[in-house]
Amino acid sequence: MNQPEELNHEFEQDQFERELTRAMRSVDPPEGFAQRTMARVQSIVPVRAKVLLMPRRVRLWAGGAIAAALLAGVFFAEQAHQRRQREEAALAQRQFELAMRITDHALEHTRQQLWDAGVRFGN
Amino acid sequence: MAIADDEFRRLIETHQRMVFSIALRITGDYSTAEEVAQDVFLELYRSVEQLASEDHIRYWLRRVATHRAIDALRRQALRPVAGADEWDDDRSIEGDAPISSISLQARLEELLRALPEPMRVVVVLRYQEEMLPDEIALLLGKSVASVKSHLHHGLMLLRRKAAVTMKEYVREPA
């Protein structure tokens with residue numbers, strides 16, 4: 001007598017568990033969940049981590065580009081510094097030569113005046 | 001933290017249903033479930049380098065989602081947790097709406113939300129995630145016997161309540 005009852009009970013359990021499994025299928029999160037989660041993720045990522053998050057190739061490329069820019073900067077700065085030094089040296093040379101010409105001219109003028117006055121130096 | 005945005009977004013899209021559903025069924029609250037699920041993914045973002053494979057990530061997400069949802073449930077006390085004793089008295093059952101007015105699945109979900117927390121958690125992992133008792137025990141850090149006990153009692157209580165509120169589970173006397 002009890003056997004059919006037990007079988008029925010087992011059947012009920014199976015049916016119930018099947019309904020429970022059906023009821024508990026995964027459900028979709030609210031619309032925009034992935035976007036909102038990504039926004040939260042990006043808000044906590046520091047700049048250093050953003051660089052680290054770049055693909056390896058991009059990081060290498062960016063590192064190379066930065067190094068090249070630094071080298072170019074140093075090179076052009078050195079070039080500019082040397083050009084400025086050359087220009088300053090040339091200007092100083094021109095000023096020295098002008099000063100020498102002025103001095104020569106003044107000395108010559110003085111010598112001529114003394115000569116005219118009958119002053120003689122040496123022989 | 002060496003994971004690109006595109007790759008991480010793909011992980012979210014792959015696992016969001018599972019994570020959100022665990023959080024929803026344990027906490028029983030939609031907005032809390034979203035908050036828990038987002039927190040779980042933020043935690044994944046910080047830990048993803050240590051996870052070796054997609055299976056490892058899935059297991060990790062399942063474990064962390066379960067624990068965070070339990071934490072949220074305890075912290076916020078969203079619902080008074082029903083004691084198992086209450087379930088013995090069929091007269092105390094609320095919401096005896098006719099089954100025709102509410103879907104069977106929705107009613108089962110409602111019954112699930114009223115289960116005491118430890119039973120609810122194992123029922124969710126068993127019937128939503130289709131995990132075996134020993135897997136659930138490992139995930140929760142409990143003994144297999146304890147998990148089987150919670151599962152057994154949880155199902156028994158669900159059946160008892162369903163028998164009262166959902167008449168198709170009540171056998172008519174011959």
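How many residues does the contact take from chain B and from chain A? It takes 33 residues from chain B and 25 residues from chain A, where two residues are in contact if their C-beta atoms, placed from the backbone, lie within 7 Å. This is a predicted model, in which local features need pLDDT of at least 70, side-chain atom pairs count only at pLDDT 80 or more, and totals for chains, interfaces and linings use all residues. Residues are numbered from 1 along each chain as its sequence is written, while chains are lettered from A and ligands numbered from 1 in the order in which they are written.

**Confidence**

- The model has an ipTM of 0.74 and a pTM of 0.61.
- For chain A the mean pLDDT (the predictor's confidence in each residue, from 0 to 100) is 80, and 79% of its residues reach 70 or more. Residues 1–12 of chain A have a pLDDT below 50, and this stretch has two contacts in the model beyond near neighbours in sequence.
- For chain B the average pLDDT is 82, with 79% of the residues scoring at least 70. The pLDDT is below 50 over residues 86–101 of chain B, a stretch that has 16 contacts beyond near neighbours in sequence.
- Residues 170–174 of chain B also stay under 50 in pLDDT, and the model has two contacts for them beyond four places in sequence.

**Chain composition**

- Chain A has four helices and zero strands; helices (H or I, at least four residues) and strands (E, at least two) are DSSP runs, numbered from the N terminus.
- Chain B has seven helices and zero strands.
- Of the 123 residues in chain A, 6% are buried. A residue is buried if 20 or more other C-beta atoms lie within 10 Å of its own, exposed if 12 or fewer, and partly exposed in between, with C-beta atoms placed from the backbone.
- In chain B, buried residues make up 37% of the 174 residues.
- Among contacts in chain B with a separation of 6 or more, 72% are between residues 24 or more positions apart.

**The side of chain B that touches chain A**

- The contact draws 33 residues from chain B. The elements of chain B giving two or more residues to this side are α1, α2, α4 (104–113), α5 (117–127) and α7 (144–165).
- Helix α1(B) gives the most to this side, with twelve residues.
- The residues on this side of chain B divide into 19 nonpolar, five polar and nine charged. Ala, Val, Leu, Ile, Met, Phe, Trp, Tyr, Cys and Pro count as nonpolar, Asp, Glu, Lys and Arg as charged, and the others, Gly among them, as polar.

**Nonpolar core**

- The largest nonpolar core has 46 residues, and those with the most contacts inside it are Val19(B), Ala23(B), Ala37(B), Val40(B), Ala65(B), Ala69(B) and Val124(B). Such a core is a set of buried Ala, Val, Leu, Ile, Met, Phe, Trp, Tyr and Cys residues joined through C-beta atoms within 7 Å.
- The largest share of this core, nine residues, comes from α1(B).
- Domain 1 (5–76) and domain 2 (84–169) of chain B each give at least three residues to this core; the domain bounds come from an automatic or database domain assignment.
- Leaving out residues up to four places away in sequence, Ala37(B) touches Pro29(A), Gln16(B), Val19(B), Phe20(B), Ala23(B) and Ala65(B).

- Helix α2 of chain B has 18 residues (residues 30–47) and should span 26 Å at 1.5 Å a residue, which agrees with the 26 Å between its end C-alpha atoms. The expected span is 1.5 Å times one less than the number of residues.
- Buried residues of α2(B) include Ala33(B), Val36(B), Ala37(B), Val40(B), Phe41(B) and Leu44(B).
- The cover over the buried residues of α2(B) includes α2 (33–44) of chain A, along with α1 (5–27) and α3 (54–76) of chain B.
- Ten of the eleven residues of α5(B) are buried, so this helix is largely enclosed by the rest of the structure. Arg120(B) and Arg126(B) are among these buried residues.

**Local features**

- Glu130(B) lies in the loop between α5 and α6 (133–140) of chain B. Its phi is near 55°, a positive value in a residue other than glycine.
- Most residues other than glycine have a negative phi.
- Glu130(B) is exposed, with 10 other C-beta atoms within 10 Å.
- Ala145(B) is in helix α7 of chain B and counts as exposed, with 10 C-beta neighbours inside 10 Å.
- The C-alpha atoms of Ala145(B) and Pro133(B) are separated by 8.5 Å, and the two residues are twelve residues apart along the chain.
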